[in-house]
Amino acid sequence: MAGIRLAPEESPDLTQQHPPPQQQQLQTGREVASDDERSVAADSWSIKSDYGSTLDDEQRHADAAEALSSAANFRGASDYSSDKDEPDADGMTSMLGRQSYWDAAYAGELANFREHGHTGEIWFGADVMDTVTSWTKSLCIDSSQCHMPNHVDEAKPEPVEHGDKYLSCWSVLDIGTGNGLLLQELAKQGFTDLTGTDYSEGAIDLARSLADRDGFLNIKFLVDDILETKLERRFKLVMDKGTLDAIGLHPDGPIKRMMYWDSVSKLVAPGGVLVITSCNHTKDELVQEVENFNQRNIEMPQEPNTMEDQETRRDLPPFQYLNHVRTYPTFMFGGSVGSRVATVAFLRN
């Protein structure tokens, strides 16, 4: 579950291909949406979300329903019981929030890779991924040096060979890793302790295949659902590129987002950093969601499960805003200034 695609990669190797007709059937025999239908639905929803940051949730879901109407006949198996219910009038609002959608999507991409060697999609586009990885590298180096500039974008990043001494201690988890390309780019930046998880087994198979082909043998990939994570390890850096967006599109989105924050708070080590990239929320909206989570924790404190929990200061909120990318292009809509993508970093107290 790697996020919502904003632009396809320009490289010929990254152009999406159509799987053969026989691969467009799940083992259940039910028809799934074609690559074209999925691409049109994702692109249409992404374009609408350029302006969605100024709209309320009801309007966003209405836009998503319209964009996804082309895939109305898509059905598939899922681990979630709610996925097995017959869709109601609002069923299309949650297509991108269902595991069945991503299982089918990555089954097609895995088949394309095995048959043609194609990498698949770069979610949010290559430019955004390059910005996220280089900005995150600078953020981590500055944190390791015990200082944080007001504008990380304006800080001159050190060459990879100079930054390696700082990045080697940063354990990295990419939740909803999809095809794992974000972790490959982080490896190029100098990170070495890299783990990717996704609840879609097809995504993990694809990510492992791509990493093996491209020589990134040190990246670990695991099947894991962030909402019911089995991971016991904590990470100094946790990345989310589109996973929170997709979770919010599930019919039980509000509840699942609360589950998301409960899980993520246990995966980020004290003093670690959470970096979220979203195409459906502004920086201020993400900050507000974190503040809401912090308030819930104050009102309903949880019992510490580990020694690290016990050592964490109980008078501090779980997360605090750290910084955000300021170099994404912005637009004016309805009297508000927004960006089609927001990347925000939070410090785990």
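Visitor: Hi! What share of the contacts in the chain with a separation of 6 or more comes from residues 24 or more positions apart?
Guide: Residues 24 or more positions apart account for 74% of those contacts. Keep in mind that this is a predicted model.

Visitor: Got it. How many helices and strands are there?
Guide: The chain has 11 helices and nine strands.

Visitor: And what percentage of the residues is buried?
Guide: Buried residues make up 54% of the 349 in the chain.

Visitor: Let's pick a helix. What is the reach of α3 from its first C-alpha to its last?
Guide: Helix α3 covers residues 99-116. Its 18 residues reach 25 Å from the first C-alpha to the last, close to the 26 Å expected at 1.5 Å a residue.

Visitor: How many of the residues of α3 are buried?
Guide: For α3, 13 of the 18 residues are buried, so the helix is largely enclosed by the rest of the structure.

Visitor: Which residue follows α3?
Guide: That's Gly 117, and its phi is positive, near 80 degrees.

Visitor: At what angle do α3 and α7 pack?
Guide: The angle is about 30 degrees, and the axes are 8 Å apart. Angles under 35 degrees count as roughly parallel, and α3 and α7 are therefore roughly parallel to each other. Their crossing is left-handed.

Visitor: Which residues meet there?
Guide: From α3 you have Asp 103, Tyr 106, Glu 109, Leu 110 and Phe 113. On the α7 side, the residues include Ala 203, Leu 206, Leu 210 and Arg 213. The residues of this contact divide into six nonpolar, two polar and five charged.

Visitor: Switching topic: where is Gly 97 found?
Guide: Gly 97 sits in the loop between α2 and α3.

Visitor: Is Gly 97 buried or exposed?
Guide: Gly 97 is buried, with a relative accessible area of 6%.

Visitor: What does Gly 97 touch, not counting residues up to four places away in sequence?
Guide: Gly 97 touches Tyr 199, Ala 246, Leu 249 and His 250.

Visitor: Now for another pair. How do α4 and α6 cross?
Guide: Helix α4 (residues 126-144) and helix α6 (residues 181-189) cross at roughly 45 degrees, and their axes come within 10 Å. The two helices are therefore oblique to each other. The crossing of α4 and α6 is right-handed.

Visitor: What kinds of residues are in the contact of α4 with α6?
Guide: The residues that meet include Met 129, Val 132 and Lys 137 in α4, along with Leu 182, Glu 185 and Leu 186 in α6. This contact divides into five nonpolar, three polar and three charged residues.

Visitor: One more helix: how far apart are the end C-alpha atoms of α9?
Guide: They are 21 Å apart, which agrees with the 21 Å that the 15 residues of α9 should span at 1.5 Å a residue.

Visitor: Which residues in α9 are buried?
Guide: Among them are Lys 256, Arg 257, Tyr 260, Trp 261 and Val 264. Ser 263 in α9 is buried too, with a relative accessible area of 9%.

Visitor: What is Ser 263 in contact with, leaving aside its neighbours within four places in sequence?
Guide: Ser 263 is in contact with Ile 226, Leu 227 and Thr 229.

Conventions. Residues are numbered from 1 along each chain as its sequence is written. This is a predicted model: local features need pLDDT of at least 70, side-chain atom pairs count only at pLDDT 80 or more; totals for chains, interfaces and linings use all residues. Side-chain values use heavy atoms; hydrogens and water are left out. Axes are lines fitted to C-alpha atoms, for helices over the stretch in contact, and angles run from 0 to 180 degrees between N-to-C directions. Helices (H or I, at least four residues) and strands (E, at least two) are DSSP runs, numbered from the N terminus. Angles under 35 degrees count as roughly parallel, over 145 as roughly antiparallel, 65 to 115 as roughly perpendicular and the rest as oblique. A crossing is left-handed if the near helix is turned anticlockwise from the far one by less than a right angle, and right-handed if clockwise. Contact means heavy atoms within 4.5 Å. Ala, Val, Leu, Ile, Met, Phe, Trp, Tyr, Cys and Pro count as nonpolar, Asp, Glu, Lys and Arg as charged, and the others, Gly among them, as polar. The expected span of a helix is 1.5 Å times one less than its number of residues. Buried means under 20% relative accessible area, exposed over 50%, partly exposed in between (1.4 Å probe, protein chains only).
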